[in-house]
Each structure stands twice: as C-alpha cells, then as structure tokens.
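Open the model in your viewer and keep the selection panel at hand. This tour tells you what to select next and what is there.

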Amino acid sequence: MKFGRLNIVLLLIALTAGLLAKSKSASNNLPKMILISGGYYLPLFKDDGDAVKEFIRPFYLNTHPVTNGEYLEFVKENSQWQKSKVKRVFADQNYLRKWKGDLELGKDVKAEDPVCNVSWFAANAYCRWAGKRLPTVFEWEFALSKKMIGYSVNLKLKRTFYEWAFDFNRTNFQANSLCGGAGSSANDPKNYSAFLRFSFRNTLNANYCLDDLGFRCASNEVNFNAKKDYSEN
Amino acid sequence: MKNYLIGFVPAALLAIAVITYVNNSSVNSNYNNNQAKPGITVNIVESKPDECCKIQESAGVHSENSIYQLSSTWKDQNGNSIQLKKFQGKKVVLAMIYSSCPTACPVIVNNMQKLEASIPKKDLAYYHFILVSIDPDRDTPQRLMQFASGKSLNMTTWTLLTGSKDDVAELAELIGFKYKKNSQGNFIHSNLITFLDKYGVIMDQSEGLEQSNQELLTMLNK
C-alpha cells in the first residue's frame, strides 16, 4: 500500500511537469507569418518590357515588422552587425542610433517596437539568418493591397513607417526621378500613399539607416514555424 | 495477488507518465533552441581565411569602404569557390553583366578588353578584370567559360563569377548597379565599369557606353 501511494505522488509530479512543459512550448513568441495567396498585382509604375500585371506566387510574410528584441538576438549571434562593429559600407552612422550599446537597447527603446535605423544590408542579413528573405516590393505592395498586412504599428508610432524590400530601388527603373510629370505615368495617380512609398524607396541607398525605416521577412516555404504560426491564425 | 496488483498498476501508470514527460520535454527543448531565432535554419558558413589573407586583411582593414568586406562566396568559370577579397592587392576592373545579353554587355566587355590591351604586358600582373553575372539562373560556370572562350578572354587576368541572387543583389547595391529582369527574360541594367584599388575601395566608375579608352585608362590609373 505504501508503495502504491509513493507511485501516485510520483505520477502526479510527472504529470504536472509534463503539463508545465506543454504550456511553456505553446507560449513561445516566434514571429507569426501568414500565407499570402498568389494573384495578380498591378504595378504602380512600369518599364518597357514589363508585364501589364505581375503574377505574385504564394508566399509567407511576417505579420509584423522585426522588433528590437528580435534584432537583438541576431546581433548577439552575429557580432559583425553590432552597433560598434558594423562596417560603414553596410550601414551608415545612424545604424541602431537609438540603442544604448551593442547588446543594450536602453530605456527609450522598447523590445516589442519595430527595429529601425537598420540598413538594407542589415535587413537582408537578418532575414537570411532567420532562414527567410526580404519580400520584394511587389510582394509587399500586393500583401498591403489585399489588406493582409496593416498599419497598426504605425498608428502606435503616430507617423509613417516604411519598410525595406529586396528590390527597393529597382521597380521603376527608367523613372529615375519621380518628380513632375513622372507621376502622371503611374497606373493609379490617386493612390497617393503608394506613390509616396515608391518615390521614398527610390531615394534610398542600401546603407541608409533611417528613423522610420524597418523591415519584415518573407519566405517561400512553409517552414516549421510558419506552419505552426499559420495554423494558429 | 491484490497487493501485487496495487503495486503494478501505479508502476505502469508511472512508466507511461515518465515516457510522456520525456517526449514532451524533448519537444520543448527544441522549441527553446529555436526561440532565440525567429526562423528555422541558420546557415551562416564562416570561411576560415588562411594566413596569407589575414595579413592582407589587416593591411586593408582601415578601409570601412572596401567591398571586400563582403563574405559572399562565388563560383568562377572553373567551378571553384572564391571570395572577392581574393583579388586584394591588385587593381580591379569589375563589371556586372549576363552572358545572353544582346547589346550593352558585349560593348562593356569589349571596352574592358581594349583597356587591358593598353596596359604594358609587364604590368599586367598588377591588374585583374572581373565579370559578375546578374543571371545566376542561366549563367552556370560552364556557360561563363563558353562566354570567355567566345570573347577570347585572357584567363590569367580575367575571372568570371556567378553567385546566389542575394549575393548578386548585395554586390550590386555596394557598387550602385541597378538591374531588373523583364517579362521577356532579359535584363534592363546600368552600364557600369567599376575601378577598385588594391584594398577593394571604389576609385572611380564609368557609366554608359561612350567613354573612350583614354578616359577609362585615366580612371584605372588614379
């Protein structure tokens, strides 16, 4: 009888531990990705030889821009991307400007806010490290037009927040300047916010680090996390 | 018999519980490993520079603007893996092209060949000519080799490279080269020849196809 009681106690301990382990795994904070089903996207600008409508293949996109906290994990593992160690050729002097140190956000920078002051090179390196990639301009614009991604973050910041795209300066190749008459060649001149984004992207250099410029990652495949995150949505 | 059962049943339950727990916790530890990274696979291949390169790097390391800071690995026309910093120590003339390019790229390559021809033979060892493909889908090392033979390039002073789309994009951003594939599978692209000093810093760039050989030579010898 004594032996039986001991067994029951042990059994309860084991069960509790098992449940704890399970609840811990469910509360992981991996970034969520959503499936953007493919379709046709009408580019705002076209070059000679471009298709009238661009076919966007289905892909996965993070629901939110990469946060300071997530970016910190990246620089912990990749010291060449730390604030004091990054090469100027990859990121200008404003790189992680608001962070207190290489591995310290400081009291004004919230871990859950989107990371900004990161260059295209840095954004690209982050997404590759995460097993993902930067979305193309068309993918990003397509997801926005389908209302699959939104501006919740921007409302919080109370200003326009832009995001890097893989081919940020290559979509409207021939329209080097978007001033004056160039705007009239847009397929939808009334889409003012898209116009702003296209013209903003065109002014960027890949090593620029700006206060209102962050990024999110995309992926072609249903990777382990994406699959899990997607089924939760 | 009764006592035996009382002992056996909880023991069996305990065994099941322990197995469940072990399984659970191993799944959990996988999660924890992944939790630090917001993705799945982390494939950062660190190359180990040999002694020669370490010395060269320390010489050029003062330059924050060297494109040899790129850690990307490329394939040359022989299928060998190389990094751009291999060319450290030489003056480099670099262009981004693709082998099936119908018009502009042949002119660029031709201009680079003319430039090569105007360098005294004895000095040629101090220079290197690099063509980087922007069309990795089609430009395999074999195809680049065919292209080089077709143009009769001198393979002691020329190297043709192909790499991943990401690496091509990174290099393009570093030197300010723009390109875009159109619906016919051709590229619209900058016509750019880039001159690098022996540390991989851009000395000058020629844009367009109109520069005379004399103008290019002046850029090269800056």
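Start with chain B as a whole. Take its contacts (heavy atoms within 4.5 Å) between residues at least 6 apart in sequence: 67% of them join residues at least 24 apart. Chain B has six helices and nine strands; helices (H or I, at least four residues) and strands (E, at least two) are DSSP runs, numbered from the N terminus. Of its 222 residues, 47% count as buried, where buried means under 20% relative accessible area, exposed over 50% and partly exposed in between, with a 1.4 Å probe and protein chains only.

Before going on, some ground rules. This is a predicted model, in which local features need pLDDT of at least 70 and side-chain atom pairs count only at pLDDT 80 or more, while totals for chains, interfaces and linings use all residues. Residues are numbered from 1 along each chain as its sequence is written, chains are lettered from A and ligands numbered from 1 in the order in which they are written, and side-chain values use heavy atoms, leaving out hydrogens and water.

**Stop 1: strand 5 of chain B**

Select residues 158–162 of chain B. Is this strand enclosed or open? Five of its five residues are buried, so strand 5 is largely enclosed by the rest of the structure. Look at both faces. Trp158(B), Leu160(B) and Thr162(B) lie on one side, with Thr159(B) and Leu161(B) on the other.

Find Asp76(B), which stands opposite Leu161(B).

Then show helix 4, residues 141–150 of chain B. With strands 4 and 5 it makes a right-handed β-α-β unit. Right-handed means that, with the strands pointing away from the viewer, the path from the first strand over the helix to the second runs clockwise.

**Stop 2: Asp139(B)**

Move to the loop between strand 4 and helix 4 of chain B, where Asp139(B) is found. Which side chain of opposite charge is nearest to Asp139(B)? It is Arg143(B), 4.2 Å away. For charge, Lys and Arg count as positive and Asp and Glu as negative; His and the chain ends are not counted.

**Stop 3: Met112(B)**

Select helix 3, residues 104–117 of chain B, and pick out Met112(B). Its relative accessible area is 0%. Beyond four places in sequence, its contacts include Phe129(B), Trp158(B) and Ile193(B).

**Stop 4: chain A**

Switch to chain A. An open sheet of three strands has the order 1-4-7, with antiparallel pairing. Strand 1 (33–36) and strand 7 (218–219) stand at the edges with a single partner strand each, so one side of each is left without a neighbour in the sheet. End on Tyr60(A), whose bridge partner in strand 7 is Ser219(A).

Key:
Two strands pair if DSSP finds at least two bridges between them. A salt bridge is a side-chain nitrogen of Lys or Arg within 4 Å of a carboxyl oxygen of Asp or Glu.
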